[in-house]
Structures are given as structure tokens and as C-alpha cells.
Amino acid sequence: MQATVFSHSPDATTVVTDAGRRLEVAAEVVAASGLRFVRPGQRVSITLRGDVVERLWITGIGEGETIT
């Protein structure tokens, strides 16, 4: 699923899905992404379990990721 970073700080990151859902992303999920920094307006991919963001990444960055 695609989303856009709405806000980011060391303690909290919020994304908005293409369907307009605003979701909080736990600091642990951002840290596990391997991304050093995300900025408002940046497009990201996310995996959800219910309303919880389990994974966040940028397509084309990371092991096994290709730019599509």
C-alpha cells in the first residue's frame, strides 16, 4: 500500500494513505526500515495489520527492492 509522510519527528511519524486514512507509525517501525530520515510529502510503501503500520519502506531502496 502507498502512503505519504504527513509529519515526522524522532518520536512520532504520521502517514496518510491514498484512501485518506491518517496512521501513526511507531518509532520502532521507522528505525527498522533502515531509513535515516523521512520527510513530509515523501511517498512510502507500508504494510498494515488492521490499523497498525507493521512495515515502512521506499520501493527501490533495500535488499531485494527494485524501482518500479
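Tutor: Helices (H or I, at least four residues) and strands (E, at least two) are DSSP runs, numbered from the N terminus. This is a predicted model, in which local features need pLDDT of at least 70, side-chain atom pairs count only at pLDDT 80 or more, and totals for chains, interfaces and linings use all residues. Residues are numbered from 1 along each chain as its sequence is written, and side-chain values use heavy atoms, with hydrogens and water left out.

Student: How many residues does the largest nonpolar core have?

Tutor: A nonpolar core is a set of buried Ala, Val, Leu, Ile, Met, Phe, Trp, Tyr and Cys residues joined through side-chain atoms within 4.5 Å. Buried means under 20% relative accessible area, exposed over 50%, and partly exposed in between (1.4 Å probe, protein chains only). Val15, Val25, Val44, Ile46, Val53 and Leu56 have the most contacts inside the largest core, and its residues number 14.

Student: Is Gln42 buried or exposed?

Tutor: Gln42 lies in the loop between H1 and E4. Beyond four places in sequence, Gln42 touches Ala3, Thr4, Val5, Phe37 and Ile58, where contact means heavy atoms within 4.5 Å. With a relative accessible area of 13%, Gln42 is buried.

Student: Over the ring of which residue does the charged end of Arg55 sit?

Tutor: A charge sits over a ring if NZ of Lys or CZ of Arg is within 6 Å of the ring centre and within 35 degrees of the ring normal. The charged end of Arg55 is 3.8 Å from the centre of the ring of Trp57.
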